[in-house]
Amino acid sequence: MFHDISVDMLECMRDLERRDGIDRVDGTARLDRLRQIPAETGRFLALLAASAPEGTFIEIGTSGGYSALWLSLACRATGRTLTTFEVLPEKAVLARDTFLRADVNDLVRLVEGDFFDHVDELDRVAFCFLDAEKEIYGACYDVVVPLLVPGGMLIADNAINHEETLRPMLQTAFEDERVDTLVVPIGKGELVCRRKA
Ligand SMILES: C[S@@+](CC[C@H](N)C(=O)[O-])C[C@H]1O[C@@H](n2cnc3c(N)ncnc32)[C@H](O)[C@@H]1O
């Protein structure tokens with residue numbers, strides 16, 4: 001997966017990394033900030049996704065498409081596709097451009113709109129990456145976990161840097177007997193929940 005990333009995709013990744021870096025130095029709370037995962041988290045997600053069972057791959061919170069590019073590597077390696085949801089039109093425009101430039105339109109389907117308006121279309125989720133506003137993590141957890149196939153995984157970003165805000169959801173995840181749960185100290189902290197058989 002990581003040894004044969006195309007030149008076009010690498011260029012897209014570098015551009016988004018540069019832009020995200022500038023956003024972070026700037027520090028103002030602009031709505032169009034990318035707020036994307038670091039590269040090591042992208043690698044971690046791709047490795048986990050590549051070992052997910054049969055079923056649907058989804059992402060809640062596309063932004064500029066950076067994490068989706070990493071997940072597309074797992075899709076290419078395993079013959080899957082990713083459906084990624086983005087509610088902000090400006091971000092959707094950027095993500096569409098990212099997917100076109102990186103030539104992953106056969107692997108990534110962008111749905112512009114609120115994730116919760118599309119829940120009825122979901123079934124048999126094998127892998128979900130949750131990276132949206134922290135206030136909706138609990139509701140996303142409640143929707144996604146029942147849809148996970150055995151061995152399916154829900155990964156949520158920000159489990160360490162937003163631990164306090166996410167505490168109720170983290171507590172639910174650790175007490176939930178449907179899943180095996182761990183927080184991995186990589187990037188901003190990844191909550192990993194794997195649905196039991
Ligand atoms: C932290 S950013 C995602 C970063 C992206 N995963 C990456 O690493 O490249 C969160 C994104 O979630 C989007 N979002 C928030 N609530 C949403 C919802 N209910 N449905 C779809 N997207 C949502 C925001 O507009 C924002 O672009």
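Author: Helices are DSSP runs of H or I with at least four residues, strands are DSSP runs of E with at least two, and both are numbered from the N terminus. This is a predicted model, where local features need pLDDT of at least 70, side-chain atom pairs count only at pLDDT 80 or more, and totals for chains, interfaces and linings use all residues. Residues are numbered from 1 along each chain as its sequence is written.

Reader: In what order do the elements of the protein chain run from the N terminus on?

Author: The order is α-α-β-α-β-α-β-β-α-β-α-β-β. That makes six helices and seven strands.

Reader: How is the radius of gyration read against the globule rule?

Author: The radius is taken over C-alpha atoms, and the rule is 2.2 Å times the number of residues to the power 0.38. Here the radius of gyration is 16 Å, close to the 16 Å that the rule gives for 197 residues, so the protein chain is as compact as a globular protein of that length. The C-alpha trace spans about 40 × 40 × 30 Å along its principal axes.

Reader: What share of the contacts in the protein chain between residues at least 6 apart join residues at least 24 apart?

Author: Start with the term. Two residues are in contact if their C-beta atoms, placed from the backbone, lie within 7 Å. Among contacts between residues at least 6 apart in sequence, 73% join residues at least 24 apart.

Reader: How are two packed helices described?

Author: By the angle between their axes and the distance between the axes. Axes are lines fitted to C-alpha atoms, for helices over the stretch in contact, and angles run from 0 to 180 degrees between N-to-C directions. Take helix H5 (residues 137–144) and helix H6 (residues 163–175): they pack at an angle of about 25 degrees, with axes 9 Å apart. H5 and H6 are therefore roughly parallel. Angles under 35 degrees count as roughly parallel, over 145 as roughly antiparallel, 65 to 115 as roughly perpendicular and the rest as oblique.

Reader: Which residues make the contact of H5 and H6?

Author: H5 supplies Tyr137, Gly138 and Tyr141. H6 supplies Leu166, Pro168, Met169, Thr172 and Ala173. These residues divide into six nonpolar, two polar and no charged. Ala, Val, Leu, Ile, Met, Phe, Trp, Tyr, Cys and Pro count as nonpolar, Asp, Glu, Lys and Arg as charged, and the others, Gly among them, as polar.

Reader: What percentage of the 197 residues of the protein chain count as buried?

Author: A residue is buried if 20 or more other C-beta atoms lie within 10 Å of its own, exposed if 12 or fewer, and partly exposed in between; C-beta atoms are placed from the backbone. In the protein chain, 40% of the 197 residues count as buried.

Reader: Which residues touch the most other members of the largest nonpolar core?

Author: In soluble globular proteins, nonpolar side chains tend to be buried together. A nonpolar core is a set of buried Ala, Val, Leu, Ile, Met, Phe, Trp, Tyr and Cys residues joined through C-beta atoms within 7 Å. The largest one has 55 residues, and Leu71, Cys128, Leu130, Leu154 and Ile155 touch the most other members. Helix H3 (residues 66–78) gives the most to this core, with eight residues. Leaving out residues up to four places away in sequence, Cys128 touches Ile58, Ile60, Val144, Leu154 and Ile155.

Reader: Is Asn158 buried or exposed?

Author: Asn158 is buried, with 21 other C-beta atoms within 10 Å. Its place is in the loop between strand S5 (148–156) and H6. Phi of Asn158 is near 70 degrees, a positive value in a residue other than glycine.

Reader: Where is Arg124 found?

Author: In the loop between strand S3 (108–112) and strand S4 (125–130). Phi of Arg124 is near 45 degrees, also positive in a residue other than glycine. Arg124 counts as exposed, with 12 C-beta neighbours inside 10 Å.

Reader: How far apart are Asp32 and Glu90 in sequence and in space?

Author: They are 58 residues apart in sequence and 7.4 Å apart in space, C-alpha to C-alpha. Asp32 is found in the loop between helix H1 (7–26) and helix H2 (39–50). With 13 C-beta neighbours inside 10 Å, Asp32 is partly exposed.
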